[in-house]
Amino acid sequence: TAGGGSAAAGGGGGSAGSLSYDDAIKKVVAGREIKVGFTPPVLSENFTQIEHAAWHKMYEYEQRFGCRWVWERQAPVGDFNAVQGTLGIVQSWVSRKFDAIAVCTGANFATVQALYQDASDKGVKIYQFNQPAELYPPEELRTVTNVGYDNRWQSGYLAGTYIAEKLGGSGNILQIWGPSGSDWTRGRKIGFDKALAENPGIKVVGEADGGYVRDKGFAAAQDLLTKNKDVDAIYGENEEMALGASQAIDQAGLKHWDGEDGILTIGADGLVSGYDQISAGKLTATVDIGGVDQGQNLIEAIFATAVLGETVTQIINNPTQVVDKTNVDWHRAYTKWALDVPKKYGD
Amino acid sequence: MNRASTPSHAAGEALRRRVLADPSIGILSLLAIASIVMSIVEPTFATEGNVTNIVNTMMTVSFLAIGMTVVLIAGGLDLSVGAVMGLCAGVAANLLTQGLSMPVAFAGALAVGAGIGLANGLLITKLGIPDFIATLAMMGIAGGVLLYWTAGVPILGYMNQTYYYIGGLTRIAGPITFPMILVVVIAVAVGLLLGRTRFGMMFYAVGSSPTGALHAGVRVDRVKIAAYVVSGLMAAVAGIHIAGRTTTVPPLIGNGYEITAIAAAVIGGASLTGGKGHVFGALVGALTLTMTRNIINLTGVESSWQAVVTGLVLILAVAANQAWTVLRARSRTKALAKGSAATSPPLASRTSRVHHPSPTPDDGVGSDAPAAERRPETIA
Amino acid sequence: MGTTTTPLEHDPALAPAAPLLEMSGISKRYLGVQALDRASLRVNRGEIHALLGGNGAGKSTLLNVLSGTVKPDEGTIELDGEPVSVEHPREAHRLGIVTIHQELSTLPDLTVLENILLGNESALGARGGVLVNRRQVAARVAPLAAEFGITRAELWRPVAEFGALKKRAIEIVKALAAGPKILILDEPTSGLEEHEKTLLFDHMRGLQHRGVALIWVTHHLDELFGLADVATVMRDGRTMATVRVESVSQRELVSHMFGGEAAELLAAPAAHRRSGDDGRQAGPRLRVTNVSRPGVLRDVSFDLYPGEVLGIAGLAGAGRTELVRVLMGLDKASSGHIAIDGKVRKLNHPRKAYRAGLAMVPEDRKQMAVLTDFSVAETISISRLRAVCVAGLLSGRRERTMARSFVQQLGIKTPSSREKVRNLSGGNQQKAIIARCLNTKPSILIFDEPTQGIDVHAKAEVHRLVRELVDGGTSVILIASEFSELISLSDRVIILNRGSLVGEVDDIGRRVTEDGIEAVKDRIIDRASRASK
Amino acid sequence: MSTAGARLSRVLGIEGLPIVTALVAVSAYFALTVPAFVDGEAMRYYLNEEVPVFIITAGMALVIIAGGIDLSVGAVLGLSAGTSLLASMHGADTVVAVLVGVGTGAAFGLLNGLVIVKLKLNDFIVTLGTLNVAAGLLVVLTDHVQITGTQDAGYLAIANTSVLTVTSALLVAGIIVAGLQFVLVKSAFGRMVRAVGGGTAPALVAGIDAGRVKVWAYVISGTLAGVGGVLLASRLNSVQPGMAGGYELSAIAAAVLGGVSLAGGRGAIWQAAAGCLLLATLKQGFRLMGVDPLVFSIIIGVCILVGVIVDRSVFRLAVSLGSSARSQAALPPVQEGRIS
Ligand SMILES: Nc1ncnc2c1ncn2[C@@H]1O[C@H](COP(=O)(O)OP(=O)(O)OP(=O)(O)O)[C@@H](O)[C@H]1O
Ligand SMILES: Nc1ncnc2c1ncn2[C@@H]1O[C@H](COP(=O)(O)OP(=O)(O)OP(=O)(O)O)[C@@H](O)[C@H]1O
Ligand SMILES: [Mg+2]
Ligand SMILES: [Mg+2]
């Protein structure tokens, strides 16, 4: 299910790999150096997972095709509001004539598209990853491709329907949102609201701002739980806040969801730390947004387009899944495999 | 008159005056009113569960605000506390994951906090760097070190039974948690230090007038450095606590806490011009901020409006303190006016006048130190 | 005359084998100013040693070196024949050197008790434990404090609540409580009231008898006689002479201080005083009617005529400063009105007061007058920026030209008109403030303690200035705690007592010639200090 | 004392010399070691990016010199961008849209000034409060979502027109800094700002309407935040909640780095702007060198410290050269620089 028709990806699909095929690619690559800039909106566990997954693929291609990767990661330093920093970072890579720039940013759409246009005019290829591109008209996208997932249906809607399904279509829920009103929030909200609309028995009885961080999510959930005794589920827009909510349940002496009963908690990201809590029964579920696949597909797309000159589809969506106790083990194993890299790049 | 000159009465009077002169009384009354209104409007507000939630939630800010208050009293400012808290949380957590014992891990965190405090103090006093800049740079450095060190990945897997107590997640008895006890112990200790010891007096002296303190033989630099060390230590305590409360240490854990700490300290009566403030006020400030959030969440203020409400509460809080100071000063002036008309001896009337260290005409200028402390009668 | 100017070293009677304190070769340079140039000072045990000199002579700097607040560029200090280094005030305290600084250095946010306690812990027996037993200390301090008018209750109040006078008293109590070996008093009496001065002098004598050495800076040469034993005179950072006070005249001291003939230096213009009702036919320039302010002023009414010096007499706290603050729009009167040239004005802001032709030289120079970081030129121009504007823009050249003329006119000692005012000596700062007021060409100029801290020469100049001003038609309101100064300058004196106007003495010139200055003074003091009904 | 020493001392004592030297040295270093640094377009880009901070730094410097502090500027800038862009999106005329944005800023400045001066409330907390209010209003206004897309070409041209190789936004920023500096040193208002910043009491006694001067300083700061907002909205053609958050700290850091004293009364607008430029240059230089962002904030922190330390040492050197034998700083024995 890796994103569309890349020859390299296809080649990689055959596990043995054809020697002559690899040699042919090697000839094209001719030991060249590929300069890639990677800029997440913030440094976090999620983006570290994506980056490490990318390194796996890079290492593989390095071994097989003899390309040499120059990897540089920069992120806007500061909090979630420091989004404009991305612009300067991308611009500096453009001036330094990088081959490919992979961007995930909270900076606003129109501005970054102008910047991308400018970059591609100068022969620098731009890729987005983990970016809610689905919220914008595809014809306005100025990237080579967008490796990600659809936040509406592959995250918000999944979480909403999961709650509805587990609660049997009726129950009271709390929502804890981040303060930013970012595109991710927007997308997830659309999907979540759709799920709510399909399940009129689910009532949102309280919502609060959890600042995307655990302690604030914790405090917010505590407050909401004080007011609303009869709560069946808590949706945390990101996993940190959902984990905070899970702590609030413990503190209030309430019961975690055991499959039939208790308070269900669900977040979104797919972090190892979250999976551990799922195993421990503290977090009911999370949406794995497919970070590992994103990282690998990003490199595949870069190699196919920037090196081989192929084209790829404009949107490459990766599989996502609600992870709960039933499937947490392989998701965790997959992520842990990604984190355990054979080689680090960019040092 | 005779009674007034017995020392015990004078001291009692001093205590009463101190309490009444405390601007945080203003905000306390506001909190009291808000609590009464809330318990009528929202029945869950006055429940034991909610109250313990509020108290447990305010702990982190309380630790930081106590340290910040000490620095503000000594005429400084510490913007690095949030980042230092995060770094110390990281140090404690990391040392635990390395298999070190809790005392060692916590000592490590405290040492880092104190060390950074010391560095701040040295930069400010010995190299003459403005406190705002030195601690802002230190905020960048401490935050950056944690980020670099963790590569953005939260530190996990250090929690154990004891740490659940330290984080306040497991209660000790009834609603009492360890951080509550700790905050009381620290508040009493720092309160005694500030209010009852020679050393504490020096903090106020240095913040009040560095030159005056110097003339009195105070080693101004050392006192200032000590204040920053206290602040660093309190940041470390807050870090150790928050690592236990959140059970993981994400690298950006301390973001924004510096401003919260300053706001709490100032709401509690500390002044950015130095020389004023006390520990009790710091706790009142932390309570104010925590209660605001709690009330917002309980009343279901739409999340879009939360920041607006928070901002207005901040202004209201300092306005309440100000109003209290003004009301008190005015009532005193009135009493004095009456007194001088009556048969007070010349000396008494002369000495009991309210003097104004700075002139502020009726359209006067507000400033950092609540201006009414200087000129009581101008808000008409 | 030659004998009296002989420096100490040559007078065997003045040079016992081992002086208590010997400072020698002390130099200190600031950017552009040689504050001290190999200055020396030699003080014996049990001696009251006056340190004299014009403003900016370097007295404070020299004493600051001794008290550890200024590090000298070179020079040595010997105490009891042992070389000592005083790197920090703390060391000075340890050596028994205690200072009452020229500028108030009380700590506003601390209580009076804490102010007295800080740095005096051992002397006050508060060393016991880490915790300070304030009550015990209060009991110990109270008797001394009471002598200086500080009640027990006041010990527990923050110093910020008190006026300048009380702060001075607090500093004195603090210093006395320290039980010093050497007590430095840098103009300790500025702003003090007559009886407090007397009290302080008594204490000084008491200390002297106990073998304490006192170094005393003053500009009131008349106070020296009968109190000080020895005087050292400084000029331009150098020690000019050390003399026995009993064998020298004021006149000689003045010529040491300024070099030249004292008579010329101090020549006051023939006091042309107004008498009776000259200039009154035109009507009052200022009419104050029933002005009250709760707790401070009660129903104060008076007139001020053109070309007149109106003195306001009163004891400390009588409300003199408060009255002029109301006139200047710094405080609000609760009732009453103020008319200027027959027109009632609402002076609710100093800006309006200036516009109405008022200007004020305030009492507390450091807090109320000196603009941080302003140069001499900028200070002088600030109240009337229009005058230095060309086409709406400030012209630095015009500003400095104007400033220079004032610097010359008032003899302000400054390296240049660009020098920061706060770097000038106290007296010269005062002159700069006066220049600022003069620059607004006021029709009513208020002087609140104008000669506080300024040297005899400058004082004579200020007096001359006041006369010149009134001769030019300006009206002057003068507040001076020193009644002889007030009487010698005023045409008329009104007397305030606890916020009420209790009397008026007019035609002072005539009365002084008829009854003598002391009689007039007694009459005023009597009115000012009588307890009102 | 040698005259050469004295002359050197005078030169070293010149205000603003350290910041200019630092700026020149840092730029020269990057120009020599990082080829991309001198690339005209890259330079234009990073300068352009810095415009909003540049503009609010000027206002911030004015407020600090007047003895205050304005923490709200970042949030107000964001809100002004929002109101202005929304106005334009709803078909308001270019001029009207600009006025709406600038007016939003001015209104917040006036609010800050009046509350601080008339109610005599603590400036730090009041502006922290209005920071939250402005940031919250932007969230409400945008309803959590990024707003985007005015059709008004005139509006978009405000920041994006090229004038003699620089963008109009940069030009506006330059004019603002120069203008405000001019006002500070050449106008009566500027002189009064310095007087009030040095101390309210002596300023009042000298007949200055200190309250009004302070209110005006806040109004100017707010207005400039409004201007910055309009420029930002015009450049990006979109606005999102949380925009420009944290700019206030950069502005304060820049101002102080440029020698503006937080105690009030001292400093210059151009020096603050130079401080801002220095921070931006460091950021750009390290970015182009490919420095790991994880050590980025550490490096910037260290650079700030080193910068200020060098500044102080130069000052000390100046003083000691002017002094005869043993060097002795005329720095006050105690640092009294505090937030006023
Ligand atoms: N630091 C200060 N700032 C502003 N005003 C002050 C300050 N200190 C004293 N004052 C004012 O100056 C006066 C000084 O009070 P003090 O007790 O010295 O009496 P005084 O000036 O001799 O008496 P009078 O009130 O008669 O002038 C007080 O009236 C007080 O209002
Ligand atoms: N911190 C400083 N910076 C620059 N110049 C200074 C400083 N302190 C004092 N000076 C200068 O040193 C000289 C001596 O000043 P000092 O204060 O010792 O005089 P003084 O004799 O005490 O005068 P006064 O009688 O006016 O108090 C003056 O010219 C003064 O301007
Ligand atoms: Mg002096
Ligand atoms: Mg007075």
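**Entry 1: confidence in chain C**

Chain C averages a pLDDT of 85, and 91% of its residues score at least 70. I note that this is a predicted model, in which local features need pLDDT of at least 70 and side-chain atom pairs count only at pLDDT 80 or more, while totals for chains, interfaces and linings use all residues. Residues are numbered from 1 along each chain as its sequence is written, chains are lettered from A and ligands numbered from 1 in the order in which they are written, and side-chain values use heavy atoms, with hydrogens and water left out.

I looked up the protein donors (N, O and S atoms within 2.8 Å of the metal, or 3.2 Å for Na, K and Ca; water is not among the atoms, so sites may look incomplete). For the magnesium ion written as ligand 3, they are S60(C) through OG and Q102(C) through OE1, lying 1.9 to 2.0 Å from the ion. S60(C) sits in helix α2 (residues 59-66) of chain C and Q102(C) in the loop between β6 (97-100) and α4 (112-117), so that the pair, 42 residues apart, links distant parts of the chain; helices (H or I, at least four residues) and strands (E, at least two) are DSSP runs numbered from the N terminus. S60(C) is buried at 18% relative accessible area, and Q102(C) likewise counts as buried at 18%, where buried means under 20%, exposed over 50% and partly exposed in between (1.4 Å probe, protein chains only).

T321(C) counts as buried at 19%, whereas E363(C) is partly exposed at 29%.

**Entry 2: chain B**

I then turned to chain B, which has 16 helices and 0 strands, and in which 62% of the 380 residues count as buried. Of its contacts with a separation of 6 or more, 74% join residues 24 or more positions apart.

Within helix α2 (residues 24-41) of chain B I located V37(B), which is partly exposed with a relative accessible area of 45%.

Technical notes:
pLDDT = per-residue confidence, 0-100. Contact = heavy atoms within 4.5 Å.
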